[in-house]
Amino acid sequence: MSIDLSSEDIFPVSEAPQHIPGHPSKASVWRWVLKGVGGVKLESILIGGKRFTSAESIQRFCDRRTAAADGDPAPTRTSGQREREIAAAEQELSEDGI
């Protein structure tokens, strides 16, 4: 899943700690973005040389981390998320002339 600019509340990664309970350090959040934790990365996007994340991507990150820690399978995508991913893939193929 990736961040959807049309429907997600985005903000700079540097501001993410204020959106997360417990207010982790900026270094922790950057580590989650760049390296991940337990195979789970915090989603981010690069816009004009600046990296952003979203409230929704933080929620997905927390859901996946919790599921992994509890030994549960990763949460499934919603039908809306899947439809957006399919539309994005079709758009990319169309742009490539396929």
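In the predicted model, strand S1 (residues 10–12) pairs with strand S3 (residues 50–54) in the antiparallel sense, over three bridges. Phe11 has Thr53 of S3 as its bridge partner. Ile10 stands opposite Ser54, also in S3. Strand S2 (residues 45–47) is likewise joined to S3 by three bridges, and these two strands run antiparallel. Here Ile47 has Lys50 of S3 as its bridge partner. S2 and S3 form a hairpin with two residues between the strands. Within this hairpin, Gly48 takes a positive phi near 55°.

Taken together, the three strands form an open sheet in the order S1-S3-S2, with antiparallel pairing. S1 and S2 stand at the edges. Each has a single partner strand, so one side of each is left without a neighbour in the sheet. On average, neighbouring strands of the sheet are turned by 45° against each other, direction ignored. In a regular strand, side chains alternate between the two faces of the sheet.

Helix H2 (residues 55–70) lies across S1 and S3. H2 runs at about 65° to S3. In H1, the residues Ser28, Val29, Trp32 and Val33 are buried. They cover an arc of only 140° around the axis, which puts them on the same side of H1. The face of H1 turned away from the buried side carries Ala27 and Leu34, which are exposed. Just after H1, Gly36 takes a positive phi of about 80°.

A pair of aromatic rings is described by the distance of the centres and the angle of the planes. The count of such pairs comes to one. The ring centres of Trp32 and Phe61 are 5.1 Å apart and the planes are at 25°, so the pair is stacked. Stacking here requires planes under 30 degrees apart. Trp32 lies in helix H1 and Phe61 in helix H2, so the pair ties together parts that are 29 residues apart in sequence. Trp32 and Phe61 are both buried.

Charged side chains were examined next. Side chains of opposite charge can pair when their charged atoms come close. A search of the whole structure finds four salt bridges. One of them joins Arg60 and Glu8, at 3.2 Å from N to O. Arg60 lies in helix H2 and Glu8 in the segment before S1, so this pair ties together parts that are 52 residues apart in sequence. Both Arg60 and Glu8 are buried.

Arg60 also meets Glu43 in a salt bridge, at 2.5 Å from N to O. Glu43 is buried, as is Arg60.

Glu43 has a further salt bridge with Arg64, in which the closest N and O atoms are 3.6 Å apart. This pair links distant parts of the chain. Arg64 is in helix H2 and Glu43 in the loop between H1 and S2, 21 residues apart. The burial of these two residues can be set against the cut-offs: buried means under 20% relative accessible area, and exposed over 50%. Arg64 has a relative accessible area of 23%, so this residue is partly exposed. Glu43 has 10% relative accessibility and therefore counts as buried.

How values were computed
Residues numbered from 1 in each chain as written. Predicted model: local features only at pLDDT ≥ 70, side-chain atom pairs only at ≥ 80, totals over all residues. Heavy atoms only, no water. Pairing = 2+ DSSP bridges. Helix = DSSP H or I, 4+ residues; strand = E, 2+ residues; numbered from the N terminus. Salt bridge = Lys/Arg side-chain N within 4 Å of Asp/Glu carboxyl O. Buried < 20%, exposed > 50% of the residue type's maximum accessible area, 1.4 Å probe, protein only. Axes fitted to C-alpha atoms, helices over the stretch in contact; angles between N-to-C directions. Contact = heavy atoms within 4.5 Å. Arc of directions from axis to C-beta. Phe/Tyr/Trp six-rings, centres within 6.5 Å; stacked < 30°, edge-to-face > 60°.
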